[in-house]
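Hi everyone, thanks for making time.

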Amino acid sequence: MELLAKLDQQLQALDDKNLIRKRRSVETACAPRVMVDGRELLAFCSNDYLGLAAHPRVGEAMQQGVELYGAGSGAAHLVSGHSRAHTLLEQRLAEFLSPHLVEAQALYFCTGYMANLAVVTGLAVGDKDTEIFSEALNHASLIDGARLARTKLSVYPHADVAALGALLASSTASNKIVVTDAVFSMDGDLADLPALLALCEQHKAWLVVDDAHGFGTLGEHGRGALEHFAIRSPYLVYVGTLGKAAGVGGAFVAAHRTVVETLIQRARPYIFTTAAPPALAHALQASLDIICGDEGRERRAHLQALVAQLQDSLRLKRWQLLPSKTAIQPIIIGENDETMRLSAALYEKGLWVGGIRPPTVPAGTARLRITLSAAHTADDVRRLADAINELERT
Ligand SMILES: *Cc1c(COP(=O)(O)O)cnc(C)c1O
């Protein structure tokens, strides 16, 4: 069949450039040690930064959630799928983020991808005179949100606050929306949120902050990037994901209650989809108990110690460890082939580290993306650093 032949050709072209992605089927729970094809691997590629994905208390809460609410929600939120479990979670999240937001309300989404689509389109669609200002290294979901919004879009260079300032100053749009990752997912660095917020307040622009990698891991109480930078503003629209540090799934938007009400009324990725299972929302209460309590603080401290240990023990000459202080520790290799060879060589040694290639990252900056978790031990990190040091020498 011709149509299939055409797809085959396109797939072959990807393969020729070493850009075919493969999935591995994990036979055990998300943890540093996982079984794949009957073999134990030490994994450094999940976003389970606090080790909550398989935490017994979170799992028990999920079971209790199923007993209380069953398996599925049965409908969209605006029909009959909005459960008391969702309401309670949203109230808790709003209260948790309230030191940083004004008249905070929260809205739970099935995924972070959908939350980002909802925020960007929801703030834009009501106003024809909208301009979106998007940071160059933003996550794909923010980029797709901006595309779906079908409004004027300006991309500013990575970490270039001055360039954003110039764009904002020359914009005549009455509705300005700045969107940025808080922790850049492939580089691990932080956006300068205080500087961005000052610009947004000056130019009366929304600041949409996607804190997928910061929520739970940054800030004394795990409130994320807003707590890390100690900022508070009615201009802030905060997106946190709940499938990474929180270990379960879904995401939330927290912002002024008027923003949240706007999303409920207007955001299609919220309205036209079945609500996530209420049991997930129930389980997330246990995640939040851990995140904001002593155990969360200890887990964050351990994670930071592992980051410092990894940086101290890597002795790289050809490859470049990026200057990230977060759990995302990328090593730039450069070419796709070498990156994938390296990832395969680590895999042979029982170490699972993802190789990241274009288009996820710019061409020529293929990298190993190491992610650390509070569930790792110092021994785990030593094993990884030794293996990478040795591979660079050979
Ligand atoms: C993972 C991620 C998302 C998407 O969140 P999901 O809940 O996985 O859909 C959004 N933004 C960033 C920066 C991410 O890393």
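I'll go through the annotated sites, then a lysine and its surroundings, then the salt bridges and the cysteines.

Quick housekeeping before that. This is a predicted model, so local features need pLDDT of at least 70, and side-chain atom pairs count only at pLDDT 80 or more, while totals for chains, interfaces and linings use all residues. Residues are numbered from 1 along each chain as its sequence is written, and side-chain values use heavy atoms, with hydrogens and water left out.

Okay, the record. UniProt, in an unreviewed entry, lists residues 40-388 as "domain: Aminotransferase class I/classII large". UniProt positions are given in the numbering used here, feature names are shortened, and the annotations may be inferred rather than shown by experiment. In the model, the stretch 40-388 is 44% helix and 19% strand, and its end C-alpha atoms sit 19 Å apart. When I say helix or strand, I mean DSSP runs numbered from the N terminus: helices are H or I with at least four residues, strands are E with at least two.

So, which residues does UniProt mark as "binding site"? The unreviewed entry gives Arg21, His139 and Thr360. And the lining of the largest pocket includes Arg21, His139 and Thr360. A pocket here comes from a 1 Å grid over the protein atoms alone: it's an open set of points where a 1.4 Å probe fits, with protein on both sides within 12 Å along at least five of seven lines, and lining residues have an atom within 4 Å of a point.

Take Arg21. Find the loop between helix 1 (2-16) and strand 1 (33-36), and Arg21 is in there. Is Arg21 buried or exposed? At 56% relative accessibility, it counts as exposed. The scale is this: buried means under 20% relative accessible area, exposed means over 50%, partly exposed is in between, all with a 1.4 Å probe and protein chains only. Skipping residues up to four places away in sequence, Arg21 touches Arg357, Pro359 and Thr360. Contact means heavy atoms within 4.5 Å.

Now His139. This one is in the loop between strand 4 (130-135) and helix 6 (140-149), and it's partly exposed at 28%. Beyond its neighbours within four places in sequence, His139 is in contact with Asp181, Ser185 and Asp210. There's also a polar contact of 2.6 Å between the side chains of His139 and Ser141. For a polar contact we want a pair of N or O atoms within 3.5 Å; within protein, one must be able to donate a hydrogen and the other to accept it, and residues adjacent in sequence count only if both atoms are side-chain atoms.

Next, the lysine. UniProt's unreviewed entry puts "modified residue: N6-(pyridoxal phosphate)lysine" at Lys244. Lys244 sits in the loop between strand 8 (236-241) and strand 9 (251-256), and at 18% relative accessibility it counts as buried. Who does Lys244 touch, not counting residues up to four places away? Asn47, Asp48, Tyr49, Ala212 and His213.

Thr241 is buried at 9%, and its side chain reaches the backbone oxygen of Ala212 at 3.1 Å.

On to salt bridges: a side-chain nitrogen of Lys or Arg within 4 Å of a carboxyl oxygen of Asp or Glu. The count comes to 15. One of them pairs Arg57 with Glu295, closest N and O atoms 3.3 Å apart. Arg57 is in helix 2 (residues 56-69) and Glu295 in helix 13 (residues 294-313), so this pair ties together parts that are 238 residues apart in sequence. Arg57 is partly exposed at 44%, and Glu295 is partly exposed at 23%.

Another bridge joins Arg223 and Glu227, at 3.5 Å. Arg223 is buried at 18%, and so is Glu227, at 13%.

Then Asp379 and Arg382, at 2.5 Å. Both lie in helix 15 (residues 378-393), 3 residues apart, about one turn of the helix. Elsewhere, salt bridges that share partners join Arg33, Glu40 and Asp380 into one network.

Last, how many disulfides are there? A disulfide is a pair of cysteine sulfur atoms within 2.5 Å, and the search of the whole structure finds 0. As for cysteines, Cys110 is partly exposed at 24%, and Cys292 is partly exposed at 32%.
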